[in-house]
Amino acid sequence: MTRVLVVDDEPGLRQSLGLLLADAGYEVVAEPNGAGALARARAEAFDLILCDVRMPDMDGLAFLRAYTRGGGAALVIMMSAYGGEEAALAAMKEGAYDYIPKPFRPDEVVLTLRKAEERERLGHTIATLKAQLDSTPVRALIAESPAMRQALEVVARVAPHRTTVLITGERGTGKEVIAQAIHRASPRASGPFVAVNSAAIPDALLEAELFGYVKGAFTGAAGDHPGLFEQADGGTLLLDEIGELPLPLQAKLLRVLQEEEIRRVGDQRTRRVDVRVVAATAKDLSAEATAGRFRHDLLDRLNVVAIHVPPLAQRREDVAPLARHFAAQLGRRLGRRVALSETAVAWLTDQPWPGNVRALEHTIERAAVLSNAEILEPRDLETPANTRIGAATSEEGEPAAAGSGSLRDAVEAAERQAITAALRTAGGSRRAAAQRLGVSLRTLFYKMERYGLS
């Protein structure tokens, strides 16, 4: 049962809130002042705290400040008839979860507590998801950015159910990682997780691969073969690149989703399957359906819950932790230390990453394999494909000749010239020069130090 501590100097309000919350299923403890509440909260565990702002001796904000700085874990919701938005803002700055102005309706208090409970539950579920994936050999699940945290909240909500999920996003963003997270947080976690890329299998073989076949169904069918749906029985089947599925097979897939049974190629009988289907695509399936290349009814059946994985360029907060994770992973694989300098992390964060997370991982892998350095620097990570500076020029400003030196020399000459020109145009302002070059100020400082530019 959820425990709630009510802190208010008005006896009538303490009593009415106690009765209201007890009827709503909460265990309620009440204290008349901040000092007594602080001692109680330090001695006992509470899930939620409802605290008045205006109280004698220790007021609500002082209680909140002392409680949070002392490591208190309960969510604190402030109440007050004074101050309006200013009081609410002050409470939020001190770490309050929410603010309820007095007088309030009974249902408003209960709804606020329910929302706080839901937030805590989602937070615990997300932490469990990350812990589960960190302990298994799958690609990193990093959720530092608001966009990815929002995606994980949807994962947490949908995972316990059998609901079909459609994951959208550009190639390389980590859609399969999200699908694995759904599976591992679901009651099916002990069952199989089977993934198939619809674009990687020829159309003529895809039906047999999905639904299986019986002996003699076609030339080369020397025996019975269970398909991926049967292999995923009791677990989860990821249909990746679902937009590439041919129309005739879309109709058969729709029937399987509706009837929960499959028929092997060449067989006359059907077989029941217990499979949760997660689909993923880089295509706009609504546009595909409008163009007649994807069935509207199948889209409706797949798109019960949609999760969008944004491109890496729209979640810069995830680049640094992802990069460090991949470096550590490579170090374990190569049997030596692989790390990234702070300037390398800054350089990686500045890149556009049209290939998304997959391109980031491959960039770090290439650098780790080709360099003997334990700590990778930007020069180890740069390639002609991902260097953001334009055509190489000599130190005098002329285009570098094809035979004037190595490719790295040409690139460094181009960078030196571009930085010098940007600083000159910006009147010596490093911040303005960094903006013109499209890099962070930290990266510019590193480059200037490397090339001896003052």
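The following questions and answers examine a predicted model of a protein chain.

User: What is the average pLDDT of the protein chain, and what share of the residues score at least 70?

Analyst: pLDDT is the predictor's confidence in each residue, from 0 to 100. The protein chain averages 84 on this scale, and the share of residues that score at least 70 is 87%.

User: Over which residues does the pLDDT stay under 50 while the model has 35 contacts beyond four places in sequence?

Analyst: Where pLDDT is low, the predicted coordinates should not be read in detail. One such stretch, with pLDDT below 50, covers residues 135–139 and has 10 contacts beyond near neighbours in sequence. The stretch with 35 contacts beyond four places in sequence, where pLDDT stays under 50, is residues 385–405.

User: Which residues touch the most other members of the largest nonpolar core?

Analyst: The largest nonpolar core holds 30 residues. Among the elements that each supply at least two residues of this core are strand E7 (193–197), helix H8 (203–211) and strand E10 (236–240). The members that touch the most others are Leu210, Phe229, Leu237 and Ile242.

User: Which helix gives the most to this core?

Analyst: The helices that each supply at least two residues of the core include H8 (203–211), H9 (228–231), H10 (247–259), H11 (285–290) and H12 (296–302). With five residues, the helix that gives the most is H10.

User: With which residues is Leu237 in contact, leaving aside its neighbours within four places in sequence?

Analyst: Leu237 is one of the core members that touch the most others. Leaving aside neighbours within four places in sequence, Leu237 is in contact with Val194, Val196, Leu228, Phe229, Ala232, Val275, Arg276, Val277 and Val278.

User: Which residues of H8 are buried?

Analyst: A residue counts as buried when its relative accessible area is under 20%. The cover over the buried residues of H8 includes E7, strand E8 (212–213), H9, E10, H10 and strand E11 (261–262). The buried residues themselves are Leu206, Ala208, Leu210 and Phe211.

User: How many residues apart in sequence are the parts tied together by Asp274 and Arg162?

Analyst: The side chains of Asp274 and Arg162 meet in a salt bridge, at 3.4 Å from N to O. Asp274 lies in the loop between strand E12 (271–272) and E13, and Arg162 in the loop between helix H6 (146–158) and strand E6 (165–168), so the pair ties together parts whose separation in sequence is 112 residues.

User: Which helices hold Lys252 and Glu207?

Analyst: Side chains of opposite charge can pair when their charged atoms come close. Lys252 and Glu207 meet in a salt bridge, with 2.7 Å from N to O. The pair links distant parts of the chain, 45 residues apart: Lys252 is in helix H10 and Glu207 in helix H8.

User: Is Arg271 buried or exposed?

Analyst: The side chain of Arg271 meets that of Asp267 in a salt bridge of 3.3 Å, N to O. Asp267 has 15% relative accessibility and counts as buried. The cut-off for this class is under 20%. Arg271 has a relative accessible area of 17%, so Arg271 is buried.

User: What accessible area do Leu334, Val369 and Leu370 have together?

Analyst: Leu370 has its place in helix H15 (residues 356–370). With a relative accessible area of 64%, Leu370 is exposed. Leu334, Val369 and Leu370 form a nonpolar patch on the surface, and their accessible area together is about 290 Å².

Notes:
Residues numbered from 1 in each chain as written. Predicted model: local features only at pLDDT ≥ 70, side-chain atom pairs only at ≥ 80, totals over all residues. Heavy atoms only, no water. Core = buried A, V, L, I, M, F, W, Y, C linked by side-chain atoms within 4.5 Å. Buried < 20%, exposed > 50% of the residue type's maximum accessible area, 1.4 Å probe, protein only. Helix = DSSP H or I, 4+ residues; strand = E, 2+ residues; numbered from the N terminus. Contact = heavy atoms within 4.5 Å. Salt bridge = Lys/Arg side-chain N within 4 Å of Asp/Glu carboxyl O. Patch = residues over 30% accessible without salt bridge, like charges linked within 9 Å, V, L, I, M, F, W, Y side chains within 5 Å. Areas by Shrake-Rupley, 256 points an atom, 1.4 Å probe, with all protein chains shown as cover.
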